[in-house]
Amino acid sequence: MADFSPELLAKVKDLWKRYPERKAALLPAMHLIQKERGGWFSPETIRDTAELFEVPDIHVQGIVGFYDMFHDEPVGRHVVRLCKTLSCKLRGADELRAHIKRTFGVDHGETTKDGAFTFRCFECLGHCTTAPMMLVDEERHENLTAEKVDRVLGGLR
Ligand code: FES
């Protein structure tokens, strides 16, 4: 069996119990796998995942390619997702993006030189009433201002 930690395998087996077939647990399991394997799916991780779930490699590769939450190249220690959809846009998301570029030297898809974070612009993250907002890994930061962004992102270094 693929070289995953015993902790990860235990969690995946737990997931399998919740679904009628193994394959149905692939998406939630992939979040756990991505975390364990440094935040992205290398070709080896894709192979290992496919082996674990007894599906063709291309099945896992297709999921990695389709969903923005999965990465097919190395990312920084954290992933920052700034919402760019209408509510956030109307409340200053574009200005915040420009501010992040000026202050931290990264635009969409780029990683800071020190590897602290990868920055990505995202479609609606589901918290429009507290726009503009961003996610740092799984943590929400809402009603953003440039000062708040500096505090949060500066703290990742
Ligand atoms: S538009 Fe930004 S969270 Fe919905």
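Me: How many bridges join strand 1 to strand 4, and which way do the two run?
Reply: Three bridges join them, and strand 1 (residues 78-83) and strand 4 (residues 134-136) run antiparallel. Strands here are DSSP runs of E with at least two residues, helices are runs of H or I with at least four, and both are numbered from the N terminus. Two strands pair if DSSP finds at least two bridges between them.

Me: What kind of model is this, and how are the residues numbered?
Reply: It is a predicted model, in which local features need pLDDT of at least 70 and side-chain atom pairs count only at pLDDT 80 or more, while totals for chains, interfaces and linings use all residues. Residues are numbered from 1 along each chain as its sequence is written.

Me: Back to strand 4. Which residue there is the bridge partner of R81?
Reply: L135 is the partner of R81 in strand 4.

Me: And in what sense do strand 1 and strand 3 pair?
Reply: Parallel, over six bridges. V80 has F119 of strand 3 as its bridge partner.

Me: What stands opposite E110?
Reply: F119 in strand 3 again. Strand 2 and strand 3 pair in the antiparallel sense, over two bridges. Their hairpin has five residues between the strands, and G115 in that hairpin takes a positive phi near 75 degrees.

Me: In what order do the strands sit in the sheet?
Reply: The order is 2-3-1-4-5, in an open sheet of five strands with mixed pairing. Strand 2 (110-111) and strand 5 (139-141) are the edge strands, each pairing on one side only.

Me: Which strands does helix 6 lie across?
Reply: Helix 6 lies across strand 1 and strand 3 (117-122), at about 145 degrees to strand 1. Axes are lines fitted to C-alpha atoms, for helices over the stretch in contact, and angles run from 0 to 180 degrees between N-to-C directions.

Me: At what angle do helix 6 and helix 7 cross?
Reply: Roughly 45 degrees, with the axes of helix 6 (residues 93-104) and helix 7 (residues 146-154) coming within 10 Å. The two helices are therefore oblique to each other. Angles under 35 degrees count as roughly parallel, over 145 as roughly antiparallel, 65 to 115 as roughly perpendicular, and the rest as oblique.

Me: Which residues make that contact?
Reply: L96, H99, I100, T103 and F104 come from helix 6, and A146, V149, D150 and L153 come from helix 7. Contact here means C-beta atoms, placed from the backbone, within 7 Å. By class there are six nonpolar, two polar and one charged residues. Ala, Val, Leu, Ile, Met, Phe, Trp, Tyr, Cys and Pro count as nonpolar, Asp, Glu, Lys and Arg as charged, and the others, Gly among them, as polar.

Me: Changing topic. How do helix 3 and helix 4 cross?
Reply: Helix 3 (residues 43-53) and helix 4 (residues 57-66) have axes that come within 8 Å and cross at roughly 120 degrees. That is why helix 3 is oblique to helix 4.

Me: What meets what there?
Reply: I46, R47, T49 and A50 in helix 3 meet D57, H59, V60, Q61 and V64 in helix 4. The contact of helix 3 with helix 4 has four nonpolar, three polar and two charged residues.

Me: Where is the cis peptide bond, and what is its omega?
Reply: The cis bond joins A131 and P132, with omega about -5 degrees. P132 is in the loop between strand 3 and strand 4.

Me: What about the phi of D137?
Reply: Phi of D137 is near 55 degrees, which is positive in a residue other than glycine. D137 lies in the loop between strand 4 and strand 5.

Me: Overall view, then. How many helices and strands are there in the protein chain?
Reply: There are seven helices and five strands. Along the sequence the pattern is α-α-α-α-β-α-α-β-β-β-β-α.

Me: How is the chain divided into domains?
Reply: Into domain 1 (6-66) and domain 2 (78-154), with bounds from an automatic or database domain assignment. Their centres, taken over C-alpha atoms, are 28 Å apart. The C-alpha trace of the protein chain spans about 50 × 35 × 25 Å along its principal axes.

Definitions and conventions: Two residues are in contact if their C-beta atoms, placed from the backbone, lie within 7 Å.
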